[in-house]
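Colleague: I would like to learn how to read a contact between two chains. Please take me through it.

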Amino acid sequence: MSIDKDTAARVAKLARIKVEEDALPALAAEFNTILGFIEQLNEVDVEGIEPMTSVTPQRLKRREDVVTDGHQQPKVLANAPDEREGFFAVPKVME
Amino acid sequence: MSDLNKLGLAEARDLLRKGETSSVELTQSCLTAIDAAGALNAFVHKTPELALERAADADARLKDNDAPAMCGLPIGIKDLFCTKGVDSQAGSRILQGFKPEYESTVSQNLIDSGAVMLGKLNMDEFAMGSSNETSVYGNAVSPWRRGNDDAELTPGGSSGGSASAVAADLCLAATGTDTGGSIRQPAAFTGTVGIKPTYGRCSRWGTVAFASSLDQAGPMTKSVRDAAIMLEAMCGHDAKDSTSADLAVPNFEAMLTGDIKGKKIGIPKEYRMDGMPAEIEELWADGTAMLKAAGAEIVDISLPHTKYALPAYYVIAPAEASSNLARYDGVRYGHRATLEAGDGITEMYEKTRAEGFGPEVQRRVMVGTYVLSAGFYDAYYNRARRVRTLIKKDFEDVFSAGVDAILTPATPSAAFGLGEMTDADPVQMYLNDVFTVTVNLAGLPGISVPTGLDSQGLPLGLQLIGKPWEEGDLLNTAYALETAAGFVAKPGKWW
């Protein structure tokens, strides 16, 4: 399976990382090197083997469904690149 | 007393308890060493005022006989741990200026144990790398050199700053994290001890996430005893991490008897790689002989799926990273790109992430995005998770056949020069983790112990792999190996 320039552009778009047009061929070539390495996995017989979901067999703990935290708006916003009137500010989302 | 920074945790603790030194003196000694070691680029955010304040508190507690296990011991903290009010940027530009409003559980446990943080340590960006060359702060440099050659060497990665700082005696010990070998490989490259505990031993809460099913924190120290002391302080159940194990933490130090008579040590044939340097073969054979002489029974074992661990890792880790790193979007913290008129939110995300992430992080996020994308999820991600099940079963079979621990080389070579791998393709760099990555995939504890020097005078380490939750037994075997190897070499000071 070989990745071409268009696929590399599509992946970059999905990952929300801007990649300049002229950098795409090199990126595609790197993907191909890495995916070529990963292809070895096709040699393994995985018939009937369950995909691992948890490396240590354990049940996730449950707790009461109640509010345990909150009322920390200034702390939540303290590191925001842009905040206005107690909210995170971003460029216009809707026209 | 001079050279207090050269002490290990156990020695310094004992001197403190006898009143022969103070935490303030120890801390001052380390701060002086740090200021003189700019060339190593290990400490990237220094916190001297905070350190001296905590040291004074520790001295008061020591005086009142109210001293917890690590009271007054100065340590470094990897930049991956969120530390309240102190820069925590995971070696990345995208977290520039980020000062958390909270403390990670591991660093809080260390505070509760009385440890004194000296500052934050260099690392590969988001812990993605094996040489500390992907950091926004620039390379961390090893204090070790090849004979009289003054070429700068890597301290390993991703916990390169931690390894360099401990090896150069800038601190008594440091925290590291290990997703594919990031504690054990730098420990091996710098003649220090590093243990990655069983997955779930240390809480991951407040530690910047790379690959959540693989990440574990652990100590990087000057001796196995120090590793036992510090691991005990770091780990324990935490309700804030749902994968944290609700198990009692044993007194690891008390388990260091050095008696390994009758223990069964497995030597896996699959770790004898084609083209393995003769020095590594010899180191491994010597280590095997040492454990045998200490009374262990040596058995040949097979871990048949070893070869597939790295390719499986390079599906699973990027997949999880692409998900974990989605949070860096320029909205809630860190860097946001300067936008042009007319740019909308998508441009903000794309420009912010292109500017904020370095090339290796971008590469892994995109590989992860690809293997999780529609049409490839089964072929790559699910297949890798199936192979992971088989890799874990390899270990389970060996342990159920009575093996207590497994001995392997820690790395395929000694430390390489900074910049020497620049022209290699990414896969060449990934091969550094060939002996360590299986342990993360299987969730097991693994420890790297320095046992020898190569022909150029660089340290080499062996890895011991233990059963889940049996860190105490593993540390004891490592202690026996350390005692037999008698590794005492230190880098000559040039910085």
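Colleague: Which residues of H2(A) meet H9(B)?

Modeller: Two residues are in contact if their C-beta atoms, placed from the backbone, lie within 7 Å. By that rule, Ile34(A), Phe37(A) and Ile38(A) of H2(A) meet Pro311(B), Tyr314(B) and Val315(B) of H9(B). An α-helix has 3.6 residues a turn, so residues three or four places apart point the same way. This is a predicted model, where local features need pLDDT of at least 70 and side-chain atom pairs count only at pLDDT 80 or more, while totals for chains, interfaces and linings use all residues. Residues are numbered from 1 along each chain as its sequence is written, and chains are lettered from A and ligands numbered from 1 in the order in which they are written.

Colleague: At what angle do the axes of H2(A) and H9(B) cross?

Modeller: Axes are lines fitted to C-alpha atoms, for helices over the stretch in contact, and angles run from 0 to 180 degrees between N-to-C directions. Helix H2 (residues 24-38) of chain A and H9(B) have axes that cross at roughly 125° and come within 8 Å. H2(A) is therefore oblique to H9(B); angles under 35 degrees count as roughly parallel, over 145 as roughly antiparallel, 65 to 115 as roughly perpendicular and the rest as oblique.

Colleague: How many residues of each chain are in contact overall?

Modeller: On chain A there are 36, and they are in contact with 55 residues of chain B. The elements giving two or more residues to the chain B side include helix H9 (309-324) and helix H10 (345-356). H12(B) gives the largest share of that side, eleven residues. By class, the side of chain B that touches chain A has 28 nonpolar, twelve polar and 15 charged residues.

Colleague: Which pattern does chain A follow along the sequence?

Modeller: Helices (H or I, at least four residues) and strands (E, at least two) are DSSP runs, numbered from the N terminus. Chain A has three helices and two strands, in the pattern α-α-α-β-β. Its radius of gyration is 23 Å, whereas a compact globule of 95 residues would have one near 12 Å; the value is taken over C-alpha atoms, and the globule rule is 2.2 Å times the number of residues to the power 0.38.

How values were computed
Nonpolar A, V, L, I, M, F, W, Y, C, P; charged D, E, K, R; others polar.
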